[in-house]
Amino acid sequence: MKADTDKHAWGAQVNDWITLLLISCGIIFGSSFILGPLLSGSTITQKIVVAYHCPSAIDITEEHGPIVQVGSDPNSFGQSVQVICTFADGSTKAISNDEYAVSTIVGSIALGAIFGVAIAVIFMPIYIFWKKKPR
């Protein structure tokens with residue numbers, strides 16, 4: 001009878017760890033797509049783009065273009081953005097609108113994922129202590 005109870009205890013522990021893993025992955029996934037875009041403002045997204053494309057730049061100039069209709073939907077509008085980075089040797093690098101858009105989107109998702117990992121790490125001990133508490 002001892003082996004049977006050990007097997008049940010092992011199965012319960014595996015079930016608890018799988019539940020913890022799924023909850024943590026859900027927290028990370030949810031915060032990536034909800035918390036990240038909410039927390040990333042225009043200054044944060046600009047810093048993400050500059051840190052990725054030209055980390056050693058000494059001067060950054062951001063030029064906004066006109067707001068125009070995007071696509072065939074009459075209610076969708078967009079603004080073009082071009083960032084020009086100046087380096088210490090006097091050279092410049094232009095970041096196009098497409099590169100800027102992709103960098104800001106991926107950066108905000110990554111920022112949300114970082115917050116999600118932090119939330120999941122804080123949540124794990126709480127879950128473990130809650131499960132170990134005798135009932």
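Start with the nonpolar surface patch: select Phe29, Phe33, Ile34, Leu38, Leu39, Phe115 and Ile119, which together make about 720 Å² of it. A patch here is built from residues with over 30% relative accessible area and no salt bridge, joining like charges within 9 Å and nonpolar side chains (Val, Leu, Ile, Met, Phe, Trp, Tyr) within 5 Å. A salt bridge is a side-chain nitrogen of Lys or Arg within 4 Å of a carboxyl oxygen of Asp or Glu. Accessible areas come from the Shrake-Rupley method with a 1.4 Å probe, and for residues only the protein chains shown count as cover.

Before moving on, note that this is a predicted model, where local features need pLDDT of at least 70 and side-chain atom pairs count only at pLDDT 80 or more, while totals for chains, interfaces and linings use all residues. Residues are numbered from 1 along each chain as its sequence is written, and side-chain values use heavy atoms, leaving out hydrogens and water.

Next, colour the helices behind the patch. α1 (2-33), α2 (35-39) and α4 (97-132) each supply at least two of its residues. Helices (H or I, at least four residues) and strands (E, at least two) are DSSP runs, numbered from the N terminus.

Now go through some patch members one by one. Phe33, in helix α1, is partly exposed, with a relative accessible area of 46%.

Ile28 is 91 residues from Ile119 in sequence, yet their C-alpha atoms are 7.9 Å apart.

Step along to Ala120, also in α4. Ala120 is buried, with a relative accessible area of 3%. Apart from neighbours within four places in sequence, Ala120 is in contact with Ser24, Ile27 and Ile28. Asp73, by comparison, is 47 residues from Ala120 in sequence and 39 Å away in space, C-alpha to C-alpha.

Pick Thr104, buried at a relative accessible area of 13%: beyond four places in sequence, Thr104 is in contact with Thr45 and Val49.

The buried residues of α3 are Thr45, Val49, Val50 and His53. Look down the helix axis: these buried residues fall within an arc of 135°, so they line one face of α3. The arc is that of the directions from the helix axis to the C-beta atoms. The buried residues pack against β1 (59-69), β2 (77-86), β3 (92-95) and α4. Turn to the other side of α3 and you will find Thr43 and Lys47 exposed.

Methods
Buried < 20%, exposed > 50% of the residue type's maximum accessible area, 1.4 Å probe, protein only. Contact = heavy atoms within 4.5 Å.
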